[in-house]
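Work through these exercises with the model open. Each task is followed by its solution in steps.

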Amino acid sequence: MKLYEKTLSVKPIYDGRIIHAHVDDVELENGTVTKREVVDHPGGVSVAVLTGKDELIFVRQFRYPYKKVLLELPAGKLEPGEDPFEAVKREQLEETGTRGDNYISLGEVYPTPGYCGEIIRLWACRAAEGQQELSLDEDEFLDTERIPLNRAVEMVCNNEIPDAKTQIGILKTAFLVKNGLI
């Protein structure tokens, strides 16, 4: 089939708590056999939480692979068998202390399709009235911050926010607000 790669064999090379890696032998459409290194990930969720003042609620947290503190929309990984919509509501409450009204799906993102099967499902919502305390995992440390949506869009355009899911969530939410959809 055109553009399709047929899997010939799968060799597991790492089985971790979150990710699993394998090296596959594949046949290309022209009959050539080559290898593909693949990371399997359970997937994740992220939410653009918009306040009544059109501010987005962000989290700042240290991201070990980059050795940096990053500004991101609230997000988290899916637990085995967990419904993505329930996961996004759980992550929102844990990381921002808010619940949402009028959730709108922003679709799916494939952050690194060259070697990883992770899919991040995105939503936007308006923050419901009331705030609760954060309920972070015992190994999770973060600060929350509210930034006006227009400023967040500028930050994306000025390369101040390198995280892909956050950029997409901001820009899609700005589109919804501009068009009166949220």
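**Exercise 1. Find the angle and axis distance at which α2 and α3 pack, then classify the pair.**

Solution. This is a predicted model.
- Step 1: The angle between α2 and α3 is about 135°, and their axes lie 10 Å apart.
- Step 2: The crossing of α2 past α3 is left-handed.
- Step 3: On the α2 side, the contact is made by Leu149, Ala152, Val153 and Val156. On the α3 side, Gln167, Ile170, Leu171, Thr173, Ala174 and Val177 take part.
- Step 4: Sort the contact by class: eight residues are nonpolar, two are polar and none is charged.

**Exercise 2. Describe the largest nonpolar core and the elements that give residues to this core.**

Solution. 
- Step 1: The largest nonpolar core has 21 residues. Leu56, Phe58, Ile161 and Ile170 have the most contacts inside it.
- Step 2: Two or more residues each come from β4 (44-50), β5 (55-63), β8 (100-109), β9 (120-127), α2 (149-157) and α3 (164-178).
- Step 3: α2 gives the largest share, four residues.
- Step 4: Take isoleucine 170, leaving aside its neighbours within four places in sequence. Its contacts are Leu56, Phe58, Leu73, Leu149, Ala152, Val153, Val156 and Ile161.
- Step 5: Another core, of nine residues, lies apart from the largest one. Its members include Val45, Ile57, Leu78 and Ala87.

**Exercise 3. Locate leucine 3 and lysine 67, and give the phi of each.**

Solution. 
- Step 1: Most residues other than glycine have a negative phi.
- Step 2: Leucine 3 has a positive phi, near 70°. This residue is in the segment before β1 (6-15).
- Step 3: The relative accessibility of leucine 3 is 70%, so leucine 3 counts as exposed.
- Step 4: Lysine 67 has a positive phi, near 55°. Lysine 67 is in the loop between β5 and β6 (68-72).

Note on methods:
Residues are numbered from 1 along each chain as its sequence is written. This is a predicted model: local features need pLDDT of at least 70, side-chain atom pairs count only at pLDDT 80 or more; totals for chains, interfaces and linings use all residues. Side-chain values use heavy atoms; hydrogens and water are left out. A nonpolar core is a set of buried Ala, Val, Leu, Ile, Met, Phe, Trp, Tyr and Cys residues joined through side-chain atoms within 4.5 Å. Buried means under 20% relative accessible area, exposed over 50%, partly exposed in between (1.4 Å probe, protein chains only). Contact means heavy atoms within 4.5 Å. Axes are lines fitted to C-alpha atoms, for helices over the stretch in contact, and angles run from 0 to 180 degrees between N-to-C directions. A crossing is left-handed if the near helix is turned anticlockwise from the far one by less than a right angle, and right-handed if clockwise. Ala, Val, Leu, Ile, Met, Phe, Trp, Tyr, Cys and Pro count as nonpolar, Asp, Glu, Lys and Arg as charged, and the others, Gly among them, as polar.
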